[in-house]
Amino acid sequence: MDRIRNFCVISHVNHGKSTLADRFLELTNTVPKEKMMPQFLNAMDLERGKGITIKMHPVRMNYQGFILNLIDTPGHADFNYEVSRSLAAVEGAILLVDATQGIQAQTIYNLELAKKQNLVIIPAVNKIDFPQARTEETKLELAKLLNVGPEEIFEISAKLGTNVESLLKAVIEKIPAPKGDAAKPLRALVFDSKYDSYLGVIVYVRLMDGSVKTAEKIFLMQAEVSGEVKEVGYFKPELKKGEILTAGEIGYLATGIKEPGKVRVGETITIQNANVKNQNYESLEPLPGYKEPLPVVFASVFPENADDFESLKDALSKLKLNDSSFTYEMEQKESLGRGFSCGFLGSLHAEIVSERLRREFGLNLVISSPSVVFKIINQQGKEFSLFSAADWPNPSQIKEIKEPWAKVEVITPVQYMGKILEILEKLRGKSIETKYFSEIKMILIYEVPLKSLIAGFYDKLKEVSQGFASLSYEILDERKADLVKLEILVAGKKEEAFARIVYADELYQEGERMVKKLKDVLPSQMFSVPIQALIGGKIIARETISAKRRDVTATLSGGDYTRRRKLLEQQKKGKKELKEKGVVHIPPQVFLEMFKN
Ligand code: GDP
Ligand code: MG
């Protein structure tokens, strides 16, 4: 065990974690040169396409007689659960800071997570090769943050490999070997998992005590489920079959369990006979596991083709193994059939999950724009949660409405402060504190409604600061809100799927926007179609799509006047009937467009 080191690389997004991991992989000959490609550990198609790390990625390296287990982590706030789970499996972390950006919001956030786990932190300033690198200033910033001398901070270029080897040596020197007892019964912490159609659920584990081999009977202490180990091994970074895993190691177990729902991250795996009521079992405590993250935004996910409902259900349960931070619950909608209401850690998370469902499971989906959860207190004083506008009660039943608030911390170079304050002010929040973070950087702390935060704030912030400002946020509490349900009538018929919850003082604006948008996306019909926005029975905005004239006489040649007349008469009658029935066919693409907001 004293020859093992388990560590993570953490940082703000884009500070060079995956690139540093590349250099480690090369240096340790873990990946042969001809196979090497930039950000090698970003193995998912989606990660390569987007150029960001979404998942944690463990890899085992051999170096000078040591086993080094590295976990590369994502930097974006929506994937923090990946970071916190990685941190619980290791003893130390390299904290990377980009010399052209300095400390950013997730630098601080992720550092706090690492400190909570009592990890040894090795700080390094990266990208020193850049002409615009501010290496000295960044070192001072970081030294102040960590309360260490600047000489303790590494200066590296992950791209060129400068000082990367001495950083790896520091990992061996400074990060302690794992503790644990190989002679005790097995206790393995599940920190990630995935589904394999041959091997069943594959769990990624950190062994705290004991050992485990192929063909052994195992027992999941929380789920109280048994399994048989089909295979053990480690990450090279692809799964590589091994003989045995022992205390202190990081690797995987194929459990043979075929129901994905039985396995959760944070689970403790032990061996079956530890389960019998003997001395061992009495003293065998499950590991503390993880606190489940609370979803903060919700969106509805429906299969485009109603027949795909079962496939979607199956896909969600399998994807959940590999991303335990989303939640799902069945939901039914008149316009869209059966689907799921899903909870996510942020808007990017929602986008990534739906994209994975498309790519990895071949599903075509209709997804609503993410929304927050409102709390309603009715006249009887009863409180309940609302996930969609469809469930909004009659206003006369509502005594009070509450919405979630968040505390936002924005770190920005001083020159962008004015513009950022402008957009922060529009979020209907309140300023808590504005102060210098360093000589050139400000930190702006605000409390804002989560609803306005998730509606494009991140993109605006990046835009006005040319990518230099960064944010982190946490959910605070629920506060009173003045919200109303905006409804939409198409040809006089209420279309529940278009209803929205909006702030009372933005009602007219929103109503106008919605009817205009619908007018643009809804194909014209045989008769003119009024589109109206409605609030509590009062129409506040209106547009009309004019009738489409289909020339029913086009196929007639010559001057058959009576025949032509007859056809036109028939058309008129048909239109009248259609109009009386008020049937407007709304194609699924229109729901999709409106859903996207
Ligand atoms: P991550 O999000 O922290 O994993 O960052 P990546 O490793 O994906 O790197 C983000 C970007 O920074 C990529 O375009 C890298 O090529 C670039 N990069 C990373 N390290 C260095 C470095 O040391 N020097 C330079 N010039 N670019 C770097
Ligand atoms: Mg990365």
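Which residues of the largest nonpolar core touch the most other members? In this predicted model, where local features need pLDDT of at least 70, side-chain atom pairs count only at pLDDT 80 or more, and totals for chains, interfaces and linings use all residues, they are Trp392, Val410, Leu453 and Phe457, out of 51 residues in that core. Residues are numbered from 1 along each chain as its sequence is written, chains are lettered from A and ligands numbered from 1 in the order in which they are written, and side-chain values use heavy atoms, with hydrogens and water left out.

A nonpolar core is here a set of buried Ala, Val, Leu, Ile, Met, Phe, Trp, Tyr and Cys residues joined through side-chain atoms within 4.5 Å. Buried stands for under 20% relative accessible area, exposed for over 50%, and partly exposed for values in between (1.4 Å probe, protein chains only). Leaving out residues up to four places away in sequence, Phe457 touches Val408, Val410, Ile423, Leu424, Leu427, Ser452 and Leu471, a contact being heavy atoms within 4.5 Å. A second, separate core of 44 residues includes Val83, Ala89, Leu95 and Ile108. In soluble globular proteins, nonpolar side chains tend to be buried together.

Turning to the chain as a whole, 54% of its 597 residues count as buried. The protein chain has 15 helices and 31 strands; these are DSSP runs numbered from the N terminus (helices H or I, at least four residues; strands E, at least two). The C-alpha trace spans about 95 × 65 × 60 Å along its principal axes. Of the contacts between residues at least 6 apart in sequence, 69% join residues at least 24 apart.

One such view of the fold comes from Leu321, in helix 8. This leucine counts as buried because its relative accessibility is 3%. Beyond its neighbours within four places in sequence, Leu321 is in contact with Asp192, Ser193, Lys194, Tyr195, Val201, Pro260 and Val263. Its C-alpha lies 9.1 Å from that of Ile202, 119 residues apart in sequence. Ala306, by contrast, sits in the loop between strand 17 (297–303) and helix 8 (309–322), and counts as exposed because its relative accessibility is 56%.

The magnesium ion (ligand 2) has Ser18 (OG) and Thr53 (OG1) as its protein donors, at 2.0 to 2.1 Å. The pair links distant parts of the chain, 35 residues apart: Ser18 belongs to helix 1 (residues 17–27), and Thr53 to the loop between helix 2 (45–50) and strand 2 (57–63). Both Ser18 and Thr53 are buried. Donors are N, O and S atoms within 2.8 Å of the metal (3.2 Å for Na, K and Ca); water is not among the atoms, so sites may look incomplete.

The second largest pocket is lined by 43 residues, with Tyr109, Lys291, Glu292, Pro293 and Leu294 nearest its centre. Helix 4 gives the most to this lining, with seven residues. On a 1 Å grid over the protein atoms alone, a pocket is an open set of points with protein on both sides within 12 Å along at least five of seven lines, whereas a cavity is a set where a 1.4 Å probe fits but cannot get out; lining residues have an atom within 4 Å of a point. The largest cavity is lined by residues including Ile54, Asp78, His349 and Arg356, and helix 9 (residues 347–361) supplies the largest share of that lining, three residues.
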